[in-house]
Structure formats: structure tokens, C-alpha cells
Amino acid sequence: MNLSENPIRLPESSSDGKARNIALNSISVQIPPTSVVGYYSAGQVLIVGPEDDVTDIAQRLNELSMKCHTLVTAKSQIESEQPKPIRIDFESKSYELTGYFGAFQAVSTADQRRLDLGLYAGLESGKFDLVVEFSNQPTIRAEVPPPGYYWIDLNCDSSIRIEEVVQEIPGMVGSFEKPKYFNYDPDICAHGNSGITACTRCIDACPTDAIFSVGDKIEVETHLCQGGGSCSTACPTGAITYAYPGADSLEEIVQQLLSNYRQAGGTHPSIIFFDRENGRSLLEQGIDSMHENRLPVEVEEVGSVGLDVCLSALVYGASSIKIMLTSETPNSVRRELEEQIQVLHALISGLGHSDGVVELLNYPLSIDQINSDAAVMLDTVPASFTPSGIKRTDIRSALEHLHDHAENPPDQVALPAHAPFGEIFVDTVSCTLCMGCVSVCPAAALEAGGDTPKLSFIEHNCVQCGLCETACPENSISRNPRYLFAPEERMRSRTLNEDTPFHCRMCGKPFASSAMLNKMREKLKGHWMFEKNSEAMQRLEMCEDCRVKDMFAAEGGFPRDKL
């Protein structure tokens, strides 16, 4: 399915080609609209770099009615009696640049003083709309820099790049909009809890540096986000999801495409996901030589094609899946997709299929890559269920379908360390049942036993985020990534550790585990306070209320037998 209004022209010299065109023209999926993010630029341009470079491009942009401000990092070595064509606004060898199109902040940090250049220049917002920087290394280091930031490398001949910048900048004035590419549900985010950070997968996968930590949750700067999609692919819980389109809409498109293709007489369909901006032109170059059972599916960014989308495509009838990368695919997106493929390969091969049924097509692209097939293509009964829009639910539904139709279905499959499914182990010797792990678990995978010192685990809920492992003061917890296929076993609450309760020596109320009290006695027995004062050691064996009462009595309050 081509999501664009300008579909790729596809040949149909075979029955598969005819079925493909029928299928592509029969899609009827209503994609919910996403909200938009707005920008405004008044054409205030900050030009940073050596004087000669800065003044040359500033003069050219001024002639194009742009409002230029200059920050010179190195004075000209060429003496001239002619007046300078451009007034130099600022001079500083040390500076910082942050922000995005319409709101770039520049701060001079020379002489250990911070000077906000936008405010000093008298700009109403205090921000520059666009930045042109001549330097050896870009100050804004995002793998995919924000629109409106133009870096020109001083280490190479930059004449062509300068011409591109001069041609583009005049068009960057006015109001602009882009889609809001994501949705975020903080309630199921596994980033952190109680000041402990665990999952940073979305932050690590974002090529625009748009995601950052805010306490126990994450925040996305919508103006920096450019829709790479790898954040949603990386998220183990589904807290951050792609919205252009949503995974459920994409899965529904693929389901209809495959169903229509089969009904029209097509065989062995192979899905090819490609991105709108860069992948389309590459695919069109080899379209006439491409096998006609290749079904192209255009997406905004291939980084949004994760476990849920790939597994759904397989159970809806795809014999193989190819995800097409280009020279413009950021390394962080490529890395995340490679990790997703590792998990997919483990699951698919564990179910008895060739792991080559899902693969990345690396750049430079060749027609042989597009036309290659796995040694054994997937051939299973197509599923009929519709996508739920819930990431982990769709993954499980697909895996259960594949498991039900496997020739020798396994009980479980071992997964790579970064997989979002698995169990945890607890060292019962060192575990004191303090329940610190329960308090931080974001997915209700760990449960306390109430008045009974007991730690229970529900594997179905576990996202392998590592919060429990990090929070454990005794280093008693370890993870084991795997996929357990039996739903009843996966959802069963099983005991990881259990102990006898320790009862308060005064009121008899259970208030801790015996293991915890023994641990505390062991740690404190050499302390001077507890050696000299046996009452202090006895208070360890009291509940919180009785401990306060005993301390009050010791300080001259009511007698202990009256409390």
C-alpha cells in the first residue's frame, strides 16, 4: 500500500503483478489524523564563524531581504582599507547553540560570562529563527539536526553547500506546520521510579535528541522530533507510540493488502517497507526488475516498523518481510532496527522457520537484495483477528497464532538481552524480602504478599526494564529474556521467595521478614551504639509503633507497662 497520494507505478506482466495492483487499489483504511506542531520564522538569521565566511554569506542573505546577525569566532587575516560590507554584531570564540527552527538560542560563554545573544540583539522573543554555522564540528550534535540549522564544514570545500544554504534560507520565512508523530502514556513508562533510572531505549534510539529524562518519566520536545519512529519501536511497554500512522492502522493496511492479493490470485507475497522521502526513489529505480510478488508499503519512516508490525504482517500472510534502509537512515535508527530483527529472528527460528523471512535491505540497494528469498519462506494459515492498537497485545496475538500452527511448537524461546519479554530470578539466600523491587515495578509484574513475607511474579506483565534489578539493595535479582508461549503459565502468579514473618517482641504484630531482621542484626552487631545499649538492639525487634513508645518511655515518659 502506498500511503502517498502519488502511488508508485507497478508493472503487471504476471498473475502476481495483476493481483498486486488489484490489492494496492483496493485498500480502504481510515487513518485517524494526528495533531500538528507549529513553527514561525520572521527570518532572523544568526551566522556564526570566521569573519570572512560570515560576512560573505551575510551580505548575500541581506540582499535577499533576510535579517542577519553575525557572531565572529576568528578575525580576518586579510587587511583591507575598504569598509566592511557587514557590521559585526558579536565576537566570541566560545559559545553554545540550542533550540529549533524559529527558536534557536545562542549564548556567548567567553571569559566565563554568559551573554544571551538573542536578548542582547534586541529580538522580541530573544531567539533566532535560523542558524548558519561555519566550524570544524557542528555545535548541535544531533545525528539528525533540527530544521533551520545549517552547518558548513570548514574542513572541506564548502562552495556547493553555501549555494544550497543561500538558496534555501529565503524560503524559511513564515508559518509552518508538521505532524505530531508520537503519543506518550506516562502511566506505563518504564523509564524510572523513585529516582532510579532503568529504561532509556527511546532516548538512545532518537536521532534528533528530542527525548530527554524528566525525573521518573521522559519528555519529548515536539519541535525537535522529526518522526524517526525508532522511539516507538524501541519502547518495551508501548508507552510511546507512533502516530503517523499508528501501528494498528499500518497493520490493518497490511492485512487488507495481503488478503486482497491472495483473493486476486497472488502467491508468496513479500512485503517491502520503504520510507517516503528517500526509499521511494531508490525503489522506483529497480521497479521493472522487481519480482511481481513484492508488495511495496510506503511509511513515513522505516524506523517505525517494529516487532508488532512485522509479526502482524507475517501472520496475516506475508511469506517474507524486507525493510529498506537508505544512505540517509540514521545510525541510531539502523541500530534499533537491527536489534528488533535479532529478537524477530530468535522468535521465528525458535518456532521452526527460517530467520531470513525478515531482513534489512542495506544501502547501497541492489535488485538482487529485493528479489532474494529466504531459504524457507513462511507459509502459515493467515490470521483473521484485527489489530488491537496495543503493542504487546498485538505481538502476543501474532506469536500465539504462529505457535498454534508450528509443526513442533516449543514451550519457550530464549531471546537476546534487549528483548521486552522474559522472567526474573531471585537469589533467595541474599533476598531479604524488603519489597523495594515491588515498589518500583512499572508493570505490576512483582507482587508483595501482604502480611506474609512473600515475593510473587507474573511473567505476562514483565517488560524486562531492569528497574527491579537496579533497585535491589542486595543485588539479588537477575533477568532472563525469553518468550513463554503458554498463556496460562505466563499469567500465573508464581512465588519467587517466601519467609516466615517476624513478630514484634512487644505487641506481636508481624512487621518484617525473618531474613530482614537477621540481616539488620548482622550489619549492626559491631556498631558501638548497639554494643553498649542492648535496648537499641531490642528495638530492632519492635514494630514502628512500639519502637516509638519504647523510646518515649526510655526518655522519662510513661512507664513501659502503661503504654
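## The largest cavity

Helix α6 (230-234) and strand β16 (240-242) each supply at least two residues of the lining of the largest cavity. The model is a predicted one. Its structure holds seven cavities of 30 Å³ or more. In the largest lies about 130 Å³ of space. Its lining is made of 17 residues. Closest to the centre are Cys206, Cys225, Gly228, Gly229 and Cys231.

Rolling a probe the size of a water molecule over the atoms is what shows where empty space is left.

## The parallel sheet

Four strands build an open sheet. Their order is β18-β17-β19-β20, and the pairing is parallel. Which strands stand at the edges? They are β18 (294-299) and β20 (358-361). Each has a single partner strand, so one side of each is left without a neighbour in the sheet. On average, neighbouring strands of this sheet are turned by 25° against each other, direction ignored.

Within this sheet, β17 (residues 270-275) pairs with β19 (residues 320-324). Four bridges join the two in the parallel sense.

## The antiparallel sheet

Another open sheet has three strands, in the order β23-β24-β26. Here the pairing is antiparallel. The edge strands are β23 (446-448) and β26 (493-498), and each of them pairs on one side only. From one strand to the next, the twist averages 30°.

How many bridges join β23 to β24? Three bridges link β23 to β24 (residues 454-458), and the two strands run antiparallel. Glutamate 447 has its bridge partner in β24, namely serine 456.

## Pairing in both sheets

Strands of a sheet pair through backbone hydrogen bonds, either parallel or antiparallel.

How values were computed. Residues are numbered from 1 along each chain as its sequence is written. This is a predicted model: local features need pLDDT of at least 70, side-chain atom pairs count only at pLDDT 80 or more; totals for chains, interfaces and linings use all residues. Side-chain values use heavy atoms; hydrogens and water are left out. Two strands pair if DSSP finds at least two bridges between them. Axes are lines fitted to C-alpha atoms, for helices over the stretch in contact, and angles run from 0 to 180 degrees between N-to-C directions. On a 1 Å grid over the protein atoms alone, a cavity is a set of points where a 1.4 Å probe fits but cannot get out, and a pocket is an open set with protein on both sides within 12 Å along at least five of seven lines; lining residues have an atom within 4 Å of a point. Grid points are joined across faces, edges and corners, and a volume is the space filled by probe spheres set on the points.
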